[in-house]
Number of protein chains: 6
Amino acid sequence: MNRPSGRAADQLRPIRITRHYTKHAEGSVLVEFGDTKVICTVSAEAGVPRFLKGQGQGWLTAEYGMLPRSTGERNAREASRGKQGGRTLEIQRLIGRSLRAALDLTKLGENTLYIDCDVIQADGGTRTASITGATVALIDALAVLKKRGSLKGNPLKQMVAAVSVGIYQGVPVLDLDYLEDSAAETDLNVVMTDAGGFIEVQGTAEGEPFRPAELNAMLELAQQGMQELFELQRAALAD
Amino acid sequence: MNRPSGRAADQLRPIRITRHYTKHAEGSVLVEFGDTKVICTVSAEAGVPRFLKGQGQGWLTAEYGMLPRSTGERNAREASRGKQGGRTLEIQRLIGRSLRAALDLTKLGENTLYIDCDVIQADGGTRTASITGATVALIDALAVLKKRGSLKGNPLKQMVAAVSVGIYQGVPVLDLDYLEDSAAETDLNVVMTDAGGFIEVQGTAEGEPFRPAELNAMLELAQQGMQELFELQRAALAD
Amino acid sequence: MNRPSGRAADQLRPIRITRHYTKHAEGSVLVEFGDTKVICTVSAEAGVPRFLKGQGQGWLTAEYGMLPRSTGERNAREASRGKQGGRTLEIQRLIGRSLRAALDLTKLGENTLYIDCDVIQADGGTRTASITGATVALIDALAVLKKRGSLKGNPLKQMVAAVSVGIYQGVPVLDLDYLEDSAAETDLNVVMTDAGGFIEVQGTAEGEPFRPAELNAMLELAQQGMQELFELQRAALAD
Amino acid sequence: MNRPSGRAADQLRPIRITRHYTKHAEGSVLVEFGDTKVICTVSAEAGVPRFLKGQGQGWLTAEYGMLPRSTGERNAREASRGKQGGRTLEIQRLIGRSLRAALDLTKLGENTLYIDCDVIQADGGTRTASITGATVALIDALAVLKKRGSLKGNPLKQMVAAVSVGIYQGVPVLDLDYLEDSAAETDLNVVMTDAGGFIEVQGTAEGEPFRPAELNAMLELAQQGMQELFELQRAALAD
Amino acid sequence: MNRPSGRAADQLRPIRITRHYTKHAEGSVLVEFGDTKVICTVSAEAGVPRFLKGQGQGWLTAEYGMLPRSTGERNAREASRGKQGGRTLEIQRLIGRSLRAALDLTKLGENTLYIDCDVIQADGGTRTASITGATVALIDALAVLKKRGSLKGNPLKQMVAAVSVGIYQGVPVLDLDYLEDSAAETDLNVVMTDAGGFIEVQGTAEGEPFRPAELNAMLELAQQGMQELFELQRAALAD
Amino acid sequence: MNRPSGRAADQLRPIRITRHYTKHAEGSVLVEFGDTKVICTVSAEAGVPRFLKGQGQGWLTAEYGMLPRSTGERNAREASRGKQGGRTLEIQRLIGRSLRAALDLTKLGENTLYIDCDVIQADGGTRTASITGATVALIDALAVLKKRGSLKGNPLKQMVAAVSVGIYQGVPVLDLDYLEDSAAETDLNVVMTDAGGFIEVQGTAEGEPFRPAELNAMLELAQQGMQELFELQRAALAD
């Protein structure tokens, strides 16, 4: 098997995490998984949504968008079409659940964190890049909040990262780019913690159904790639 | 471990599939997974969406809704709020992908099938009941289309069914009802074909992340329950 | 004159009122006027809309919907089109006004009752079936509220029911089904109380205008049919 | 009984119909029922909606709006709220049905007529004023279309007018203004043809249900007032 | 150069300002710039938007609309299309900014003034007519509020008026009507105070860019026409 | 006078124009006016909007957006609010008109160019940066289209650039950043061609009205700054 990208089956794309990418947000990261580039910002606001009022805990929610020409063909701008599409809602719900898993919300105080993941260039894996990058931006934002004295303790429970795996020409491969994703028979997105637990597993057969053995192989490959991602996050945070 | 429902860990709820439930649709099924009740209709219309015009193949798309008081607390009607929520869109996209996996669309002719899954009473597992019931309604609809002479061959490739599994008090359990789902640590929805392949695997950690071993145990339990579901579908179709 | 349904001019369709049809709502009825089937639920919530705050009285409001394939041709789902159509709004306003006429809102306490009428199969007369069925569900809901101790007295002032009448081939006929309605020259919907008063009278000439004498004949026929409807409601409530 | 307006029970408000009120529309009328003032325009466009294509007939549709401060309290502008309310849709559907009853659409050619009724000052009876005024604007527009040679014959079948009647302090009264309407027990809107047929009858009990005898008395009063309205329309057209 | 209207280059259209045009609003003016006719109402409501709460000052906001057939071709009604277009929003923001410039909002008390400018006939210059007419309606409304005792002082700082200028066949001309506007190379809208200051200057090259000298000539012409407009406003207020 | 930025009154911020910033679009530029950063892409699609069909010419349209946390406080995402705000529509209409002025649309062939300006960091002057950067992206896109053979000639008529000027503490200053803009008495945006003509002039008094002499001084300052902008564009294109 030869991947279109020429990578080994278990090889991630070159990954770069640039912190403090824009100046206003409490946390701001440009994350690159190869040619996929996403700006992840974390914005803190005092207060919580109505359903959490008076419970002394915080909240985290996420939104996702793509610039209209981040893709090969221009996509209509969701703001001008007047609604977010199903794929967008699905991805931002996934990002929100994943990032909430990193936190102990009771230590966040009555604050709301908004994660915004905006894709400026898409080449496959925008949701996994978003989760991986937003985790770093989240840690930066928590440091800012701590300095401001608005935290009750350290809300960070664990690191979170995400990666896709797929079956390409019968072989499990890691971190699919757009070309590989389009040709893959199966696409599996995995979100994990640095302690080795699964947060989310979402697999879809694009063509033929996948066999239990293939699912297992993909899950193992994802777990392996995840170790590298956590190291890359730690390295970025150490800068 | 005692499940709130008193069922064994690997026991499905009582499942009923009532065909020809309403009179206008090409296929119409009331599916009941215990107290969860969903009306699944299949409507055939000549023609295909623009992106498929002239390719000589058909299309299948799905929509999902809940009656406002199908749930314990009334939910605002999506039609009057002016948009479908993220959960709704996510579920109807899942139903559409799953049912398309049952078909060879090139044998459908230039027809579009609309799957409508409307929950009239919710008690957990509405999406898995929807997929399981809609498959039966789909087969009924194909029979109607065949009689009308609008098919090119037999588009049915395989049967499709779905079930949820979870970790309840540390033990993997099959087909969670609402009470169990609310208390479960993990929720995994699995869509499979009767040939034993996976169409979709969607697992979410509600509280603690789940371990690889737990994931494996849940996947095995799902595969086992799936056999019963296919038998129930076949029995309903044999009536 | 031979009605397509073979019924006598003053004959209602077989009418069935099934109480406790779904389990969550305070009141829940499946009402059938022949092949027309509507689920009517009544949901009670503490509190009133802003314009009634602090006046010590309650409120009742209604919503109406049709499942997309409740009709001969599939209708686009209003939730996915992003708005309720004019016909829907007109009908739900009619249901709301009619059901409010059954109540003394000052005895309801500061509670809001939501009537949801969802058509699962349509064959003419969905609005009159909705009003007739929702009245029974309302009475069930009031009994639940009374048990909970949230009422100030008995808010029920009177029973309400509704029926359609029309001119078919020059002859006034009662309770039109879809075929008859499509062929009728005039369609008149009448909502009355069991004390013999009119709540609503809505007549529309479909083709030729109708004469005063025809209007009188239709009104008399409606009043006559109404007696049967009140008996059917009472019988259902006596079960 | 003393009406707040000081009028006799069977007395219309002063009614004025000003033709050619604005310059662009094919028909343009300012209609005044006392202090109620509505601009009614008729716009002709070549072509028909999709559901009528190729049938060689025309179409007529209506829209209704109120300027935000046409009323005692300012109402939010529907264009900025992003949707038309239920009352608006109900009224514009009524206007459309009523005006279509004036026409033989097969003689209109493949043209669409848009009726726009915009209330610039409201004091009760805006829908009946709209229908009465729009009929005159329609006749003017047909004359313009005839000159342009775009008609197949004379599409005008009959004149149409509308008036409200009510029960005020137990007495049937004609053409209620806002104060009277607010205090009336019953409100009945009647649309008729100049040949004495009913197009629409819409009666609503505001407080107590109304008796059959009251309904009859109101209908008679409406028929009587209608004669004056047709004379006023004819006089305006004769100018 | 011969203007289509036959006017001199520096000649305004006949301008009429009719106060108390409708009866409900605190201020209500019909303003006519030739065939352009706009109803301007001012509605006062107690309270201010959230962002101004507790600051002891008032607010003024504006909305603009066109009746569907105020123009040569019918425009779709914004309320039924479900949103206001970009041009509408642009104009109503301009009207709001301009009218706020007339006021010292700290003397308005915690009141909100809604300016509604509704075009009933359009022939060019609807935004400048709106601003000029709304200023008169605003002064009438302030007098009403003063009588009611809801003002802290006199909020009126200065009069405001607006006019368009353009380059038609190479010559700067004042107050363009629709025909002239369509043929003009440049269109400049100017809002000024009666003390000779500019509030807004908005110039757009329709075809060729305009030269600095042309801009100066247009600005001078606008200033000159503005003197007449202030006199016309004062004359209307003196009636 | 000391500008908060420490710049001379006639000094632009450091301006950077990075071409080929993202890989999919026909033209893609990151433009920076100091800390204001905007991604400008140009996307070409075959075909034109309906109103231009069959006229053998092309079209250009623009859209504008801000990432939610491009600003000091997070702004709600327009896609999730379901509509673009008035400011957004105003700016994108301005960008569209300005860029169309650069082109001879008859030489574009039946192609549509979409300009997307997305602000990733805002610090004042986002609309002027957008126009200045999009012009460079447009020229790159035309080169791509020429290579593809889809142009009829060279559609570029002239270069276009934009800059803001204002009155800060009584002194006219060039290219205001956010702090200066917030404190300025007047804000004037100017769009010009490299041949020295004005495309747009939009001035707004934020506090006190501005005098004719101030307007002239600002216009001169803008013209002067514009020369530098055209040189920067040319330098970027020469790379």
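**Exercise 1. Salt bridges between chains D and E**

Task: How many salt bridges does the rule find across the interface of chain D and chain E?

Solution. The rule finds 14 salt bridges across this interface. The model is a predicted one. Take one example: E:Arg77 pairs with D:Glu63. Their closest N and O atoms are 3.0 Å apart. The cut-off is 4 Å, so this pair qualifies.

**Exercise 2. The side of chain D that touches chain E**

Task: Which elements of chain D give two or more residues to the side that touches chain E?

Solution. Start with the polar contacts: 27 residue pairs make them between chain D and chain E, with both residues at pLDDT 80 or more. Next, list the elements of chain D. Three are strands: β3 (36-46), β4 (59-66) and β5 (111-121). The other is the helix α1 (78-81). Then sort the residues on this side by class. They divide into 13 nonpolar, 12 polar and 13 charged.

**Exercise 3. Contact and buried area**

Task: What area do chain D and chain E bury between them?

Solution. Count the residues in contact: 38 of chain D meet 38 of chain E. Now take the area. The two chains bury about 3,000 Å² between them. Carbon and sulfur atoms hold 46% of it. Finally, look at the share of three residues. D:His24, D:Arg69 and D:Arg74 supply 25% of the area that chain D buries against chain E.

Notes: Residues numbered from 1 in each chain as written. Chains lettered and ligands numbered in written order. Predicted model: local features only at pLDDT ≥ 70, side-chain atom pairs only at ≥ 80, totals over all residues. Heavy atoms only, no water. Contact = heavy atoms within 4.5 Å. Buried area = accessible area lost by both parts, 1.4 Å probe. Salt bridge = Lys/Arg side-chain N within 4 Å of Asp/Glu carboxyl O. Polar contact = N/O pair within 3.5 Å; in protein donor to acceptor, adjacent residues only side chain to side chain. Helix = DSSP H or I, 4+ residues; strand = E, 2+ residues; numbered from the N terminus. Nonpolar A, V, L, I, M, F, W, Y, C, P; charged D, E, K, R; others polar.
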